[in-house]
Amino acid sequence: MSEPDPRDGNLVTPHWQLDDSAATRRGLRGVPAATWPVLGTIWRAAPGAAVAVAVMQVVSGLAAAFGLFATTGVLTQLLASGPTTERVVAALPDLLLVGAAFGLRGAMDVGVALAHARITPSVRRVAEERLYAASLGADLAAFDDSEFYDRMHRARDRGLFFLERAADNLVELVGSVIGIAAAAGSLALLHPVLLPVLLLAVLPDGWAVQRAARLAYASVGRTVVLDRRVQMVSDLATEREPAAEIRAYQAEPFVLDEYRVAADPLRDEDVRLATAQARVRGVGRALAGLGLAVTYVVLGLLVRYEWVPLAVAGTAVIAIRVATTALNRLVLAANQLVEQGMYVADYQEFLASARRPADRPEVGLDPSRVRLEGVSFSYPGSGRVAVDGITLSIEPGETVALVGENGSGKTTLAKLIAGLYAPTAGRVLWGAQDIAEADRSSVASQVMMVLQDPVRWPHTARVNVRVGRHSRVDPDGVALKQAAGQAGADVVVDGLPAGWETLLSKQFRGGVELSGGQWQRLAVARGLYRDAPLLIWDEPTAPLDAKAEFAVYESLRALAEDRTVVLITHRLASVRHADRILLLHEGKLVEQGTHAELLASGGRYADLYELQSRMYADA
Ligand SMILES: Nc1ncnc2c1ncn2[C@@H]1O[C@H](COP(=O)(O)OP(=O)(O)OP(=O)(O)O)[C@@H](O)[C@H]1O
């Protein structure tokens, strides 16, 4: 079998892949740009904890600097001439100061850790809610726009995670900058010549950490596609939905092959990265050792020629250790922050792109008379017109049926009538009001809709129906039971172990699964429970058995008396009683009339009806 190569074609450079080269080049200069959005989120999420961390980090740095000064005092006393006991006694006050300084520093570091512990979860909490609010607030058409969709997934799958990590790194970054400033500041005060000596000691290590981080980042850029592919295979191999079909089609070896094809190069890349990083760290260590040796020689010479006293040189050794550790932390945190900043930018970009214009003021709408004037619609990013120049009126109380072949535009037209999509040309009017100019919730509130693939809410049976209008007051469940009865869902619920309170999701303990038709009955009940003047049904009875279908159509007829109804179905026998039938073909309205009129005209509808009648007669 020739294996598909995941490095082929689109999979190597899909349009959602990050352009990592710019960020890699940007390096540490990218820190400020990466910092601001993270800082903004921290500020929004936990301002008190953020201030506490900053203040305590500064105090910790000052304590460290003070401790280094006091250390010089201790060393000066200890290295003075005289009997040992006297020298130790003389050093005691400074020793106490050193102890106090380091005690204070320890306390501050604990305080920073405690405040930091509040920051990360708060950042996640705020960032998640903003993302979900943005996603829920986006127009439906945005979900058909592949760019928007990719942006949202990047923001959700990586942006959120890295925003949290970036918040951690920012705290680390500030702490290490203050640590370095404390060490460098105290050295500069002790003797300015010690500053270049400090640089000599810390630069090789800094180089190695920076280089290793860049290697890691470049590797992420190379493996992002493979990672995503492994994730896809993982879902196929472990999720419930595809399990039956994979077994029925004996596709198990194929799925495993798919896994290997993506996972092998991923492993090789990881090995390559770890090896390169180990090599860089080795070189860094050798250079750091060399740097340290040179540092000590220089310090020795400074002492030898009495540029600095021995005690100050002793303090310098300690300060250099402090600074080296802090610098390592700094470079690592800064590099990670730049990398994470890329993903945080994705998150920010998504929030910005999902921002909708402020909602218009609520208006009273009357959807009983619907008028379409030259309405066309193309899905975002699609060159094809899904609905093409349709003009029609639907009168109050009228039931119209939309029929036509798969892909002829029925669902799209129904969603345009419901205001879920805004036409790309033309207008949809309810009464005299163009609904594109009305606010979204006023429009949605007037529509009850059952769609082709209703959501299977992972909740109780009760929630599955009540979510149709979750704000509806129905204390004794009268409306709930009425809707369930009309949809034949009451029988389904009667058979459930905990009735209305049964959890309908196998993903949770105690949850049960329903059949496709049983789910559909609940979905129909949900639509009925919503109760609104404009009723839109998109193939509501396709998965229902004949008895349930009959019952649903009976309910529909009763409901239709005082409502405007748009019904989509392929079963032409069900549309015979509609006041008017509209036949769509390739997005255009090509025939309309009553059942009898359309049969008499001998057009497409008559052909379709004839075909279906023959099918049922043969069966
Ligand atoms: N989300 C989408 N993004 C892009 N194109 C779409 C999308 N949904 C539908 N289309 C396209 O729009 C056209 C009309 O689709 P629509 O779903 O309205 O047809 P339909 O008549 O309801 O079909 P069916 O009988 O199969 O339900 C089709 O060509 C389809 O490929």
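## Reading a predicted model together

Me: What does the UniProt annotation cover?

Reply: The unreviewed UniProt entry carries the annotation "domain: ABC transporter" for residues 370–611. In the model, that span is 33% helix and 23% strand, and its end C-alpha atoms lie 32 Å apart.

Me: Now the surface. Which residues make the nonpolar surface patch?

Reply: Leu200, Trp207, Val283, Leu287, Leu290 and Val294 form a patch of about 500 Å². Helix H7 (194–238) and helix H9 (252–304) each give two or more residues to the patch, and H9 gives the most, with four.

Me: Is leucine 200 buried, exposed or partly exposed?

Reply: Leucine 200, found in helix H7, counts as partly exposed because its relative accessible area is 36%, which falls between the 20% and 50% cut-offs. Compare histidine 470, in the loop between helix H13 (461–466) and helix H14 (478–487): histidine 470 is exposed, because its value is 65%.

Me: How many salt bridges does the structure hold?

Reply: There are 26. One of them joins the side chains of arginine 521 and aspartate 545, at 3.1 Å from N to O. This pair links distant parts of the chain, 24 residues apart: arginine 521 sits in helix H16 (residues 516–530), and aspartate 545 in the loop between strand E7 (534–538) and helix H17 (546–560). Arginine 521 is buried at 15% relative accessible area, whereas aspartate 545 is partly exposed at 42%.

Me: Which residue does glutamate 549 form a salt bridge with?

Reply: Its partner is arginine 571, and the closest N and O atoms are 2.4 Å apart. Here too, distant parts of the chain are linked: glutamate 549 lies in helix H17, and arginine 571 in the loop between strand E8 (564–568) and strand E9 (580–585), 22 residues apart. Glutamate 549 is buried at 9%, while arginine 571 is partly exposed at 26%.

Me: And what about aspartate 562 and arginine 563?

Reply: Their side chains meet in a salt bridge, 3.3 Å from N to O. Aspartate 562 counts as exposed at 60% relative accessibility, but arginine 563 is buried at 12%. Elsewhere, salt bridges with shared partners join Arg124, Glu164, Arg165 and Asp168 into one network.

How values were computed. Residues are numbered from 1 along each chain as its sequence is written. This is a predicted model: local features need pLDDT of at least 70, side-chain atom pairs count only at pLDDT 80 or more; totals for chains, interfaces and linings use all residues. Side-chain values use heavy atoms; hydrogens and water are left out. UniProt positions are given in the numbering used here, feature names are shortened, and annotations may be inferred rather than shown by experiment. Patches are made of residues with over 30% relative accessible area and no salt bridge: like charges are joined within 9 Å, nonpolar side chains (Val, Leu, Ile, Met, Phe, Trp, Tyr) within 5 Å. Accessible areas come from the Shrake-Rupley method with a 1.4 Å probe; for residues, only the protein chains shown count as cover. A salt bridge is a side-chain nitrogen of Lys or Arg within 4 Å of a carboxyl oxygen of Asp or Glu. Buried means under 20% relative accessible area, exposed over 50%, partly exposed in between (1.4 Å probe, protein chains only).
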